[in-house]
Amino acid sequence: MKKIFSILILLLILISCQKEKVDSIVINANAYTVNNTFDKAEAFAIKEGKFLAVGSTKEIQDKYNSDNIIDAKNQTIVPGLIDAHCHFLRFGTGLQTADLNGTKSYDEILERLVAFQKEKNAAFIKGRGWDQNDWEVKEFPTKEKLDKLFPKTPVALTRVDGHALLVNQAAIDLAGITKDTKVSGGEIITKNGEMTGVLIDAAMDFIKFPETTKQETIQGLLDAQDICFSYGLTTVDDAGLDQKHIELIDSLQKANQLKMRVYAMVSGDKQKQIDYYINKGIYKTDYLNVRSFKVYGDGALGSRGAAMRESYSDRDNHFGALIYSPERYQEIARQIAASEFQMNTHAIGDSANTWLTKTYKEVLKDAKNRRWRIEHAQIISPEDFKNFDNILPSIQPTHATSDMYWAEDRIGAERMKGAYAFKDLLKEYGKVALGTDFPVEQVNPFLTFYASAIRKDLDNFPKDGFQMENALSREETLKGMTIWAAYSNFEENEKGSIEVGKFADFVILNQNIMEVNGDKIPKTKAVATYLNGEKVF
C-alpha cells in the first residue's frame with residue numbers, strides 16, 4: 001500500500017513538473033472577455049504581465065501552475081476599464097483646491113470657501129465644480145459677495161464644465177481687464193453695465209493664476225491615480241495636455257512612481273506644440289501613448305458657450321461661439337492630416353459639429369483608419385449624422401443625465417431629437433468610445449455604465465428613462481468602456497479585452513453589472529484592480 005501511495009505521489013510530482021509555471025492564475029471567475037464573440041471564461045493564466053491563456057478552470061489548472069492562485073469565487077471580472085475622455089491631470093491638481101462639486105446654492109459655495117481659506121490661508125483662492133443649473137435660482141452668480149468676503153485676495157472659481165469662471169474684483173484687477181476688454185471666442189458677462197465676475201471660454205485666459213508647483217502636480221497625479229484605480233480604471237485618455245506635463249508623466253512612469261496608462265491628447269491650442277509633436281512623431285511606451293491632438297471647437301451647453309446654428313431657446317439672439325475661425329480649424333486639420341497623428345475635437349453645439357465634421361471630411365478625403373474623433377458630439381443636426389460614417393464619436397453618457405433637466409429649455413424640443421443620440425451615432429460608425437469627462441462629472445465609471453444603458457439619475461428619474469431610443473445595450477456599453485475605447489486609441493491589439501497576448505489588466509466586481517437590475521448598477525464597486533497582473537487596488 002505504501003508503495004502504491006509513493007508511486008501516486010511521484011506521478012503527481014511528475015505531472016506538476018510538466019505544467020508550465022506562470023506568475024498568476026485566476027480561477028472560478030465569471031469573466032466577460034469582450035473578445036470578438038463576447039465570450040465568457042472561467043479562468044486565465046498570466047505571465048510577464050500578459051494573458052498567456054484563457055479558458056475553463058480545469059483547462060488552465062491542467063496546463064499551468066503558479067504560486068499565486070486567485071480564486072474569484074464566481075465574482076464577475078471585466079477587462080481593465082478605459083476612460084476615453086477625461087482630464088486626469090486637471091482632476092489631480094484640482095484635488096489641491098477648494099472642491100465646489102455638488103453645491104446646491106451660491107451661499108454653500110461661500111461657506112466652503114471660508115472653510116477652505118481658514119485651513120489653507122492661500123494667497124490666491126482657486127476652486128472648481130459649481131453649477132448654477134443645480135441651484136434653485138438657475139442664474140450665473142455675481143461677484144459682490146466674493147468681494148466682501150475676500151476684498152484683497154484674488155478668487156477664481158471654475159464652473160464644473162471648465163468653460164466659465166467666477167472671479168472677484170481682486171482677480172480682475174490683477175488681470176487688468178474691464179467690461180470693455182475685447183474677447184474673441186468668449187464673453188465677459190455684464191449686468192446693468194457692470195462686470196458680474198463671470199468669464200466665458202476665451203475670456204478666462206485673462207486671469208493670471210499662480211503657477212502650480214512641480215511637487216503639487218506630482219502629488220495631484222498620484223492622488224488621481226489612486227482614485228481611478230479604486231474604480232477599476234487602468235487607462236485614462238487625458239483630453240488636453242501640455243508638453244511639460246506629458247514629459248513629467250513619462251518620467252514618473254519610467255521611475256515606476258506612476259503606473260496608470262495614459263493616452264495623452266496634446267493640447268492643440270498652441271501652434272508650437274502641434275509643430276513640436278508632428279516633427280517628433282508618435283511616442284509610445286507600454287504606459288504612455290502620444291499620438292493625438294485635442295482641439296476645442298466650442299464651449300459648453302451649460303454656460304451657453306456651445307456654438308448653435310440658431311439662437312438659444314432661452315436667450316434671444318445668442319448663438320454661443322466657435323473658439324477659432326473656420327479657416328483656423330482647416331489649417332490645423334490639414335497639418336494633422338499630413339501626419340500620422342489623430343485629431344480629437346471638442347464639439348457640443350450643432351453648429352460646431354457641422355463645421356468640424358465638414359472640415360474632417362474635406363481634409364481626410366475618405367482616408368480610412370484615421371480614427372479622428374469628435375469629443376462629446378452632443379447636439380447633431382439630422383443631416384450631419386451621416387458624417388460620422390468615418391468619424392469616431394467619443395461620448396460621455398453622464399452628460400445626458402446631468403443635462404436632461406434643463407437641456408430642452410436651452411435648445412428646444414426639435415434640436416433635442418439630435419441631442420445625446422448615442423445609438424444613432426453608434427449606428428453610423430459602428431463603435432463609440434465612452435468616458436466621463438471627469439472632473440466635469442464624477443470619476444465613477446459605473447455611473448457611465450448606468451447613464452448609457454439605463455439613462456436615469458440616481459433618484460430613478462425619469463421613470464421610463466431619458467430618450468430611451470438612444471440608450472446603448474449593456475454589451476455595447478461595456479465595449480465602449482473597454483475594446484472600443486482601446487480601438488479609439490489605436491490600442492485594441494494590446495488592451496481592452498481578456499485575450500492571449502494582451503496586457504493583464506482586469507477588474508473584479510462586487511456584482512454582475514451585466515445582469516443585475518438596472519437600479520443596482522450604480523452600487524457596483526471594484527473589489528480589486530489589476531494592471532499587468534499586479535494588484536494595484
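Is Lys417 buried or exposed? At 59% relative accessibility, Lys417 counts as exposed, where exposed means over 50% relative accessible area, buried under 20% and partly exposed in between, with a 1.4 Å probe and protein chains only. The structure is a predicted model, in which local features need pLDDT of at least 70 and side-chain atom pairs count only at pLDDT 80 or more, whereas totals for chains, interfaces and linings use all residues. Residues are numbered from 1 along each chain as its sequence is written, and side-chain values use heavy atoms, with hydrogens and water left out.

Lys417 is located in the loop between α14 (413-416) and α15 (422-429); helices (H or I, at least four residues) and strands (E, at least two) are DSSP runs, numbered from the N terminus.

In general, the strands of a sheet pair through backbone hydrogen bonds, in either the parallel or the antiparallel sense. Strands β11 and β12 run parallel and are joined by two bridges, with Asp99 opposite Arg128 in β12. Strand β12 is largely enclosed by the rest of the structure, because five of its six residues are buried. Further along the sheet, β14 (residues 164-167) and β16 (residues 194-201) pair in the antiparallel sense over three bridges, and Leu166 stands opposite Val198 in β16.

Gln117 belongs to helix α4 and, at 13% relative accessibility, counts as buried. Apart from residues up to four places away in sequence, Gln117 touches Ala122, Ile125, Phe150 and Thr153, contact being defined as heavy atoms within 4.5 Å.

The second largest pocket has a volume of about 530 Å³. On a 1 Å grid over the protein atoms alone, a pocket is an open set of points with protein on both sides within 12 Å along at least five of seven lines, whereas a cavity is a set of points where a 1.4 Å probe fits but cannot get out; lining residues have an atom within 4 Å of a point. Grid points are joined across faces, edges and corners, and the volume is the space filled by probe spheres set on the points. The lining of this pocket comprises 21 residues, of which Glu139, Phe140, Pro141, Thr142 and Lys191 lie nearest its centre. The largest share of the lining, five residues, comes from the strand β15. By class, seven lining residues are nonpolar, five polar and nine charged; Ala, Val, Leu, Ile, Met, Phe, Trp, Tyr, Cys and Pro count as nonpolar, Asp, Glu, Lys and Arg as charged, and the others, Gly among them, as polar.

Another open sheet of six strands has the order β4-β3-β9-β25-β26-β27, and its pairing is mixed. The edge strands here are β4 (40-41) and β27 (534-535), each pairing on one side only. Two bridges connect β3 (residues 30-32) with β4 in the antiparallel sense, and Ala31 has Ala41 in β4 as its bridge partner. The loop between β3 and β4 contains Phe38, which counts as buried at 14% relative accessibility.

Most residues other than glycine have a negative phi, and most peptide bonds are trans. Phe38, although not a glycine, has a positive phi of about 55 degrees. Asn460 likewise has a positive phi, near 65 degrees; this residue lies in the loop between α16 and α17 and counts as partly exposed at 39% relative accessibility. Pro462 lies in the loop between α16 and α17, and the peptide bond joining Phe461 and Pro462 is cis, with omega about -10 degrees. The peptide bond from Phe438 to Pro439 is cis, with omega near 10 degrees, and Pro439 is found in the loop between β24 (433-434) and α16 (445-453).

Conventions. Pairing = 2+ DSSP bridges.
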